[in-house]
Amino acid sequence: MSTSIRIDVPEALAASHSKHFGASGRAWIAALPDLADAFLERWALRLDGPGRHGMASLVLPVTRADGTPAALKLQPVTDEHATEPVGLRVWDGDGAVRLLDHDADTGTMLLERLDAARPLSSVADDDTAVGVLAELLVRLVAAPAPEGLRRLADIAAAMLDEVPGAVPALRDPADRRLVRTCASAVAELVGEPGDRLLHWDLHYDNVLAAEREPWLAIDPKPLAGDPGFDLLPALDNRWEEVVASGAITRTVLRRFDLLTEALGLDRKRATGWTLGRVLQNALWDVEDGETALGPAQVAIATALLRHRAG
């Protein structure tokens, strides 16, 4: 099924690729209309509305030759994106969007169509939203990680190696102390990194309403590791509302309790790996030139550390 309709590349997506990938990103963006056209033809798809995009990918609603709605996801082949179809195949629709087809050379995927206009962030009640996310996590981490994925063992070891060089970049002594504390927590756990299939980025906007099930996860960055390493994205959801409530510590701990109880996690261990995520975010920020930790990361780490000490 050929199509004469050429897609329009969103300016924000082009800017993101230029910023994060430089010349290779600009080249990918330049080739994107032809790439989309090729897969619309190859998989006999018809465009079915405007696309949506994140920082790196473009998702086009399409209809298959048999009339089934689907979504064509176009993104470059990078370490971050290359394992997405691996995880989706393992889950096979159990708690996550179903993979219908995949081209390994270009990273292009055909996915079942979800309701992109209804993310979990549209659910106003926070406990309900956290509960939905927790139930999905229970299902996702039930799967053992397949061979070939990035491993938390390696990531944690690399983070610990980076800490001495990163700490001096932070201006505030309190930030430097917090990073060292997070590193100490990771050092205690690095020998037991876990072997579950993690999503690595499960926040409210990466959960969409669906017809097959009420909610399904999208956009995984599959990782082999401990489920405790998957909690942080759920803790800093809708952070502006958390701050506005004046109950930051209480909200963080309530979310943490809901997640750890649903997953049956050891709270001390889950605290340690969540501090590991704070450490990871801090190292990324320093790498990007930041000289202070993000307020949400500081607040979450502080709440968990005080709770652990108490």
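This is a predicted model: local features need pLDDT of at least 70, side-chain atom pairs count only at pLDDT 80 or more; totals for chains, interfaces and linings use all residues.
I started with Asp219, which sits in the loop between strand E11 (215–217) and E12. Helices (H or I, at least four residues) and strands (E, at least two) are DSSP runs, numbered from the N terminus. Residues are numbered from 1 along each chain as its sequence is written, and side-chain values use heavy atoms, with hydrogens and water left out.

Positive phi entries. Most residues other than glycine have a negative phi. Asp219 is no glycine, yet I found a positive phi of about 50°. Asp219 is partly exposed at 21% relative accessible area (buried is under 20%, exposed over 50%, partly exposed in between; 1.4 Å probe, protein chains only). Next I checked Arg238, in the loop between helix H7 (232–235) and helix H8 (239–245). Its phi is positive too, near 45°, but Arg238 is buried, at 15%.

Helix H3 entry. I listed the buried residues of H3 (residues 84–91): Glu84, Pro85, Gly87, Leu88 and Trp91. They fall within an arc of 160° seen down the axis, so they line one face of the helix; the arc is that of the directions from the helix axis to the C-beta atoms. Just after H3, Asp92 has a positive phi of about 50°.

Sheet entry. I traced an open sheet of three strands, order E8-E12-E9, mixed pairing (two strands pair if DSSP finds at least two bridges between them). E8 (150–151) and E9 (196–198) are at the edges with a single partner strand each, so one side of each has no neighbour in the sheet. E8 and E12 (residues 223–225) run parallel, joined by two bridges; Arg150 has Leu223 as its bridge partner in E12.
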